[in-house]
Amino acid sequence: MDFSLTDEQRMLQDGLRRLLTSGGTWDAVAEMGVIGMLLPEEKGGYGGAGSDLMVVFEEIGRAGSDLPLIDTGVLGAGLLAAAGQDVDDVLAGGARIALAHAEPGSRYDLAHVETRAEENVDGWRLTGRKSVVVDAPNATRLLVTARPEDHAPIALFEVDPKALDLRGYPLTGGGEAAEIALDATPATLLWADADAMLADTHARATLAISAEALGLMESIRALTVDYLRTRKQFGRPIGKFQVLQHRMADLLIEIEQARSAVVNLAGHIDTPDRDRHVAATKNLVGEVARLVVEDSIQMHGGIGVTEEYDLGRLAKRLSMVDHRFGDTLHHLERFIELSA
Amino acid sequence: MNLDYTPDQKAFRDEVRAFLAENLPERLTDKGRAGRPLTKRDHEEWHAILNSRGWLAGHWPTEHGGQGWDAVQRHIFEMETTAAGAPRIVPFGVMMLGPVLLKFGSEAQKAHYLPRILDGTDWWCQGYSEPGAGSDLASLRCEAVRDGDHYVVNGQKTWTTLGQYADHIFCLVRTSKEGKPQEGISFLLIDMATPGIEVRPIRLIDGSVEVNEVWFSDVRVPVANLVGAENMGWTIAKYLLTHERTNIAGVGFASAGLAALKRMAKGQMDRGRPLTENPHFAARLARIEIDLMAMATTNLRVVSAAAAGQAPGPESSMLKVKGTILRQEINNLAKTAAGPWALPFQSEALEGANDAIGPEGTRRATATYFNNRKLSIYGGSNEVQRNIIAKAILEL
Ligand SMILES: Cc1cc2nc3c(=O)[nH]c(=O)nc-3n(C[C@H](O)[C@H](O)[C@H](O)COP(=O)(O)OP(=O)(O)OC[C@H]3O[C@@H](n4cnc5c(N)ncnc54)[C@H](O)[C@@H]3O)c2cc1C
């Protein structure tokens with residue numbers, strides 16, 4: 001048993017941390033080779049282990065970064081590679097990819113795809129609605145899922161984002177998304193039977209966002225401990241009040257639980273037991289995230305609910321983790337089903 | 001034991017209901033339901049409607065324009081108005097300053113200010129907290145120094161709710177540095193048009209602007225604006241804390257929030273069934289409702305003791321803790337129910353007429369969740385309330 005990182009992973013961690021604290025841009029992050037670390041060699045990358053994802057996304061979280069690395073790097077590049085496409089340009093940072101999969105009524109159900117694909121003489125056309133498509137307003141490439149008929153497998157298409165009716169908006173805690181209306185929109189078929197690759201990339205995205213949550217928790221913890229030490233009321237630092245000490249101690253215990261859950265998933269991302277670990281980790285991380293968000297704000301008092309202070313944005317980002325790739329309830333139910 | 005209202009109380013409830021059905025503008029309830037912020041004009045409109053019936057300050061004595069309601073009547077009024085989706089009464093003038101003036105104000109102050117609160121001439125805000133004086137309010141430093149028949153005020157207040165709408169502020173100021181910090185505090189009424197006052201907005205985590213910083217530099221306030229005696233401010237503040245807290249549990253808000261949550265959740269499909277049929281979601285919803293049913297009765301127990309003449313003391317701390325936890329739990333479950341629709345940042349600052357994303361009912365879930373983190377922080381944080389319970393009730 002060995003929980004330590006490899007030398008390469010440690011270098012990646014250090015480098016990425018430094019880059020992100022100095023406001024690392026998309027190009028700089030890509031130039032560091034971070035996107036390539038998210039894919040295994042057989043898919044054109046040079047990493048792709050669960051622990052690689054954990055290292056990268058914990059740093060993304062720690063920095064509170066809203067770079068769309070999950071969308072382009074894990075979902076986008078992952079799906080393109082799985083569909084046999086060349087991803088060199090993507091790994092070099094030359095594209096931003098959004099995946100338009102979820103629909104207005106799909107909630108967290110990956111199988112819920114009502115968007116219809118029709119083939120005629122001049123190719124495929126898609127009709128339907130896609131919802132909360134993260135990073136779509138900035139995407140240079142757009143992947144879209146649709147079904148040729150009701151019970152057919154989900155197929156993966158590419159659509160030119162410039163040809164689209166797209167309604168963009170900001171996301172809570174940073175980043176952007178869009179509602180997309182497809183109306184006989186021309187599309188290129190990438191893969192006809194994409195259910196398994198969607199499940200696979202979403203499992204990896206769940207690991208990524210869970211590691212991101214962990215990084216956010218660590219930053220919030222540091223900020224809160226610092227505040228407990230410096231904020232004075234009744235003539236002493238508020239961190240001297242035992243009730244706050246215990247609360248902070250509980251947060252620490254729970255954040256360590258979250259770390260172990262992420263380690264569990266990282267270690268099982270390529271095993272047959274993967275889905276049960278996905279459910280367990282996302283459920284636990286979601287529960288801990290709620291605790292960390294609410295208790296850290298509470299221990300800050302009024303300043304915790306202001307926009308200006310750093311905590312606000314970090315807490316919002318952390319809170320939103322429960323709203324992507326399935327929430328605590330969704331994964332609780334999945335875990336029970338998969339454990340039966 | 002009888003849990004029913006008396007026939008008189010029932011008649012009063014029906015009267016309130018009939019009044020609301022007749023007079024509560026749909027425009028305002030629609031805004032409330034959609035979670036859109038009310039403007040100053042909206043608040044003023046509703047205050048004026050209530051005032052025309054003598055119900056804006058129903059708990060004030062009749063000779064000052066109220067109805068002399070007891071705690072149960074107040075409770076009925078609060079429950080009915082929130083259930084109907086009416087705007088809340090802006091508390092600073094009606095609920096806070098009014099009772100203070102009635103108890104501690106001079107005849108001249110009562111005669112001048114009380115009618116102006118009722119008819120909307122004056123809009124008050126509350127200037128207690130300072131950057132360095134939150135939970136430890138008695139450590140406040142904003143200073144008022146006597147100069148002839150004026151006080152000269154210097155310092156800063158913060159977290160001043162709706163200070164951007166206000167034209168008057170009631171402040172706790174330091175008038176003495178002798179003795180215990182509590183013994184050098186005075187209660188001062190300040191016209192915000194006085195030179196030397198600057199108000200700056202603070203944007204909150206959900207994007208809203210409802211609190212402000214207020215700066216005072218050499219602000220000259222007539223000595224006649226002192227309420228009670230000099231250095232008596234702490235007694236006045238404490239009186240407010242224990243006597244004016246009948247609605248502290250927020251049972252009406254919780255009930256309305258729960259009803260809205262149920263409506264919204266029914267419309268969200270989760271793996272082919274309404275979310276309310278997800279057993280894990282249903283269990284959490286049920287737990288909240290069970291807690292709320294009990295808390296409503298705890299609240300009534302305190303209310304009826306108050307109506308019988310017992311001043312609600314530390315019990316109000318229990319109601320505040322339980323009530324805010326419940327409301328925050330409802331807000332959290334609403335955010336959960338909104339699912340992926342919780343992601344779009346739908347701030348009141350960004351809100352145009354038609355640009356809301358996602359089904360009605362989900363749109364404000366995240367903003368409300370974050371905004372209402374304040375419930376357990378302000379008005380004495382829940383930690384401070386528990387300290388009070390431990391000390392005053394448990395005598396620990
Ligand atoms: C949205 C909002 C609106 C407000 N409106 C107004 C207003 O209109 N007018 C006004 O005057 N004020 C207002 N306030 C201020 C509010 O009353 C203060 O925020 C509150 O008293 C807490 O003070 P603080 O924010 O300085 O937190 P702090 O007092 O610094 O507290 C930080 C943390 O320490 C804890 N803590 C402090 N002391 C103890 C202790 N002895 N034991 C255990 N834990 C402790 C607190 O519970 C909290 O968790 C408002 C605040 C907010 C957030």
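These legends describe close-up views of a predicted model. Local features need pLDDT of at least 70, side-chain atom pairs count only at pLDDT 80 or more, and totals for chains, interfaces and linings use all residues. Residues are numbered from 1 along each chain as its sequence is written, chains are lettered from A in the order in which they are written, and side-chain values use heavy atoms, with hydrogens and water left out.

**View 1. Contact between chain A and chain B.**
Chain A brings 48 residues to the contact, and chain B brings 51 residues. Contact means heavy atoms within 4.5 Å. The size of an interface is often given as the accessible area lost when the parts come together. Between chain A and chain B the buried area is about 4,200 Å². Carbon and sulfur atoms give 57% of that area. Buried area is the accessible area (1.4 Å probe) that two parts lose on being put together, summed over both. Eight salt bridges are counted between chain A and chain B. A salt bridge is a side-chain nitrogen of Lys or Arg within 4 Å of a carboxyl oxygen of Asp or Glu.

**View 2. A salt bridge between Asp270(B) and Arg107(A).**
Over all chains, the count comes to 49 salt bridges. Asp270(B) lies in strand β9 (residues 269-270) of chain B and Arg107(A) in the loop between β1 (97-100) and β2 (116-120) of chain A, so this pair joins two chains. The closest N and O atoms of Asp270(B) and Arg107(A) are 3.9 Å apart. Both Asp270(B) and Arg107(A) are buried. Buried means under 20% relative accessible area, exposed over 50%, and partly exposed in between (1.4 Å probe, protein chains only). Helices (H or I, at least four residues) and strands (E, at least two) are DSSP runs, numbered from the N terminus.

**View 3. Salt bridges within each chain.**
In chain A, Glu212(A) forms a salt bridge with Arg317(A), with the closest N and O atoms 3.1 Å apart. This pair links distant parts of the chain: Glu212(A) is in helix α6 (residues 195-230) of chain A and Arg317(A) in helix α9 (residues 310-320) of chain A, 105 residues apart. Glu212(A) and Arg317(A) are buried. In chain B, Glu130(B) and Lys157(B) meet in a salt bridge at 2.8 Å, N to O. Glu130(B) sits in the loop between β1 (124-127) and β2 (143-147) of chain B, and Lys157(B) in strand β3 (residues 150-157) of chain B, 27 residues apart. Glu130(B) counts as buried at 5% relative accessibility. Lys157(B) is buried too, with a relative accessible area of 0%. Elsewhere, salt bridges that share partners join Arg17(A), Glu58(A), Glu59(A), Arg62(A), Glu218(A), Arg221(A) and Arg259(A) into one network.

**View 4. Aromatic pairing at Trp55(B) and Trp69(B).**
Over all chains, the structure holds 16 aromatic pairs. The ring centres of Trp55(B) and Trp69(B) are 6.0 Å apart and the planes stand at 55 degrees, so the pair is tilted. Rings of Phe, Tyr and Trp (its six-membered ring) pair if their centres lie within 6.5 Å; planes under 30 degrees apart count as stacked, over 60 as edge-to-face and the rest as tilted. Trp55(B) and Trp69(B) are both in the loop between α3 (40-52) and α4 (71-83) of chain B, 14 residues apart. Both Trp55(B) and Trp69(B) are buried. One aromatic cluster takes in Phe12(B), Phe19(B), Trp55(B), Trp69(B) and Phe77(B).

Phe170(B) and Phe187(B) are stacked, 5.6 Å centre to centre with 10 degrees between the planes. Phe170(B) lies in strand β4 (residues 168-174) of chain B and Phe187(B) in strand β5 (residues 185-191) of chain B, so the pair ties together parts 17 residues apart in sequence. Phe170(B) is buried at 0% relative accessibility. β4(B) and β5(B) pair in the antiparallel sense over seven bridges. Two strands pair if DSSP finds at least two bridges between them. Ile169(B) stands opposite Ile190(B) in β5(B). Six of the seven residues of β5(B) are buried, so this strand is largely enclosed by the rest of the structure.
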